[in-house]
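Please look over the sequence and the model below.

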Amino acid sequence: MEPTLEQPPIDVELHRRLVYGDESALRDAYAAYGALVRRVAVRVTQSQTAAEDVAQEVFAQLWTRPYGFDARRGSLRTWLSMLAHRRAVDWVRSEARHRRDARADDSALHAIPDAGPGPHETVVDRERSLLLHTALAELPRSQREVVHLAYFAGRTYRQAAVELGIPEGTAKTRLRSALRKLAESLADPPDPATARGA
Amino acid sequence: MTNDHDGVRELLAAWAVGALPPADAGAVPRHLAGCESCAAEAERLRTTVRLLDGAPGDARDGGARVGGARVGAGPAGQGRGGQARAGERGGGADGVLASALRGRRPRTPDVAPHARPYAAAVAGLHALVRELPGRWGTPVVHDWDAHATVAHLVAADEHLAVALGIGARLPASRIPAGTPAARAWELRTADAIAHEHARTPEETVATWAAQAADLLATPEARDPGAAARAATVMGLGLPVADHFVIRAFEAWIHTDDIGRALGIDVPPPPAEHLEQLVRLAVRILGLALHDAPPVLVEVIGTAHGTGWVLGADAEPVAAELTLDPVDFCLLVGGRYAPDEVPRGLAGDERAARNVLAAAASLAWL
């Protein structure tokens with residue numbers, strides 16, 4: 001079964017209510033997109049706690065700066081999904097920074113081997129995952145939108161095309177270019193220091 | 001359906017993220033079984049997606065794919081950030097919404113229906129003001145920049161504030177007694193702009209916001225009975241409830257002015273507020289047209305779907321005018337010339353033009 005497609009007029013009406021300070025509009029936005037925002041955040045951060053923080057930030061931003069969203073430039077679904085993703089990537093970077101600092105303190109004081117995150121392979125996968133999500137956050141908006149709809153929001157490429165108002169072939173091509181670019185970033189990391197938030 | 005090599009290759013990315021429609025789903029595995037180069041590409045993309053998933057080896061099944069808890073200890077949901085902990089922290093809708101609403105945006109006060117359009121318009125300008133840092137000098141309307149436009153609103157709202165016993169926030173102006181209302185209005189705005197230009201835009205916004213909050217905290221904003229008394233503001237004797245609607249009208253029109261200047265699409269007020277603005281404007285317009293040839297004016301989307309006959313009531317209707325509510329308000333607000341406003345027209349064109357010209361010349365703002 002294919003999920004129901006977005007009706008853009010709903011976004012326009014929701015945005016209007018948000019702009020004019022109607023708190024029930026924020027509840028409606030959360031009911032419609034809260035699960036997606038959390039899903040995106042959990043996938044990047046691997047943490048329910050972090051996802052909670054990200055969801056709070058995302059919906060606080062929607063409420064305090066409703067003009068950050070422009071209904072002429074895309075759907076509220078993709079905008080919130082992309083915002084959640086960027087915030088989640090920032091969360092992981094700062095988390096990594098803190099862990100590294102803590103470890104540096106630790107080894108300086110006690111020189112105890114790191115007992116933390118488990119098998120080496122998992123750590124490497126974790127870093128590669130962050131590298132990929134960082135690369136995803138830096139894709140051109142047109143490609144990112146398709147990835148968010150097809151990957152995070154569970155749309156087929158056809159539904160994504162309808163939601164974005166682009167031909168199916170264009171949706172396929174953008175998805176392919178995006179995924180290839182991500183695969184290449186794995187093979188050839190641009191600057192690992194940036195990805196790890198140094 | 002798609003069996004050819006090129007067709008399947010096009011689908012590989014969608015396949016890798018699980019975004020193939022059912023009709024296309026079978027073609028990919030069939031082709032991969034016999035095509036080495038596509039199989040290699042498919043494997044590369046799948047590996048990429050598995051890493052994006054964060055949990056190597058997990059099936060892609062939407063909600064269940066929240067794993068990756070292997071980074072910490074134990075299975076998903078019990079690791080370093082499990083459901084239980086999110087719950088303890090007041091997680092879920094309530095936690096997220098309560099936290100969002102605590103953000104730096106004033107709550108919209110709970111007021112009587114006649115003051116709701118103004119409360120909403122104030123919230124709307126608050127929202128737009130957040131986009132203004134660094135752009136306060138943008139020319140907006142007349143010879144005002146964005147800063148001066150907010151200063152004008154301080155002066156414009158002040159007339160009602162004074163009528164409701166709220167002390168003026170700006171230094172008094174020296175306006176000779178007997179100055180006509182429209183001229184006094186202009187002078188007061190000029191003084192307000194000169195005064196506010198010596199301050200920061202943030203200070204001007206704070207002054208405007210405090211005065212608006214005071215207006216919305218008056219008994220007249222909360223009690224329809226108190227708002228029924230007449231008051232003369234700017235030479236216009238009307239119930240206080242109507243003055244609140246006019247304040248909403250002006251705040252929205254100037255917010256829209258600022259939005260246009262910045263290239264930001266300011267949405268029109270919610271439908272029920274727009275209708276309150278339309279109804280008041282029609283009533284005032286009707287007074288101005290009491291002996292003109294009668295014209296049926298229909299404003300699209302008003303609750304009863306009916307129109308108003310404006311003009312002398314003895315004669316048969318000379319023309320019918322149909323207008324969009326936002327366009328009608330922009331006309332009354334002086335943002336459309338009478339011959340520019342989009343409208344439907346039947347009957348005597350001169351009679352209809354007379355109505356449009358009268359609407360434009362209400363010149364509230």
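**Ground rules.** This is a predicted model, in which local features need pLDDT of at least 70, side-chain atom pairs count only at pLDDT 80 or more, and totals for chains, interfaces and linings use all residues. Residues are numbered from 1 along each chain as its sequence is written, while chains are lettered from A and ligands numbered from 1 in the order in which they are written.

**Chain A.** Chain A has 9 helices and 0 strands. Helices (H or I, at least four residues) and strands (E, at least two) are DSSP runs, numbered from the N terminus. Chain A has 198 residues, and 48% of them count as buried. A residue is buried if 20 or more other C-beta atoms lie within 10 Å of its own, exposed if 12 or fewer, and partly exposed in between; C-beta atoms are placed from the backbone. Among the contacts in chain A with a separation of 6 or more, 69% join residues 24 or more positions apart. Two residues are in contact if their C-beta atoms, placed from the backbone, lie within 7 Å.

**Where the chains meet.** The contact takes 51 residues from chain A and 54 residues from chain B. On the side of chain A, α3(A) gives the largest share, 10 residues. That side has 22 nonpolar, 14 polar and 15 charged residues. Here Ala, Val, Leu, Ile, Met, Phe, Trp, Tyr, Cys and Pro count as nonpolar, Asp, Glu, Lys and Arg as charged, and the others, Gly among them, as polar.

**An enclosed helix.** Why is α7(A) largely enclosed by the rest of the structure? The reason is that 6 of its 8 residues are buried. Y157(A) and L164(A) are among them. The buried residues of α7(A) pack against α6 and α8 of chain A, together with α1 (5–16) of chain B. Just after α7(A), G165(A) takes a positive phi of about 65 degrees.

**Two helix pairs.** Axes are lines fitted to C-alpha atoms, for helices over the stretch in contact, and angles run from 0 to 180 degrees between N-to-C directions.

| Helix pair | Axes come within | Crossing angle |
|---|---|---|
| α8(A) and α1(B) | 8 Å | roughly 70 degrees |
| α7(B) and α12(B) | 8 Å | roughly 20 degrees |

α7(B) is thus roughly parallel to α12(B), whereas α8(A) and α1(B) are roughly perpendicular to each other. Angles under 35 degrees count as roughly parallel, over 145 as roughly antiparallel, 65 to 115 as roughly perpendicular and the rest as oblique. In α8(A), residues including L175(A) and L179(A) meet residues of α1(B), including L11(B) and A14(B). By class, this contact of α8(A) with α1(B) has 6 nonpolar, no polar and 3 charged residues. The contact of α7(B) with α12(B) has 12 nonpolar, 3 polar and 1 charged residues.

**The core.** Which residues touch the most other members of the largest nonpolar core? They are A41(A), F59(A) and A150(A), in a core of 150 residues. A nonpolar core is a set of buried Ala, Val, Leu, Ile, Met, Phe, Trp, Tyr and Cys residues joined through C-beta atoms within 7 Å. Helix α12 (residues 240–262) of chain B gives the most to this core, with 11 residues. Leaving aside neighbours within four places in sequence, A150(A) has contacts including Y157(A), L175(A) and A14(B).
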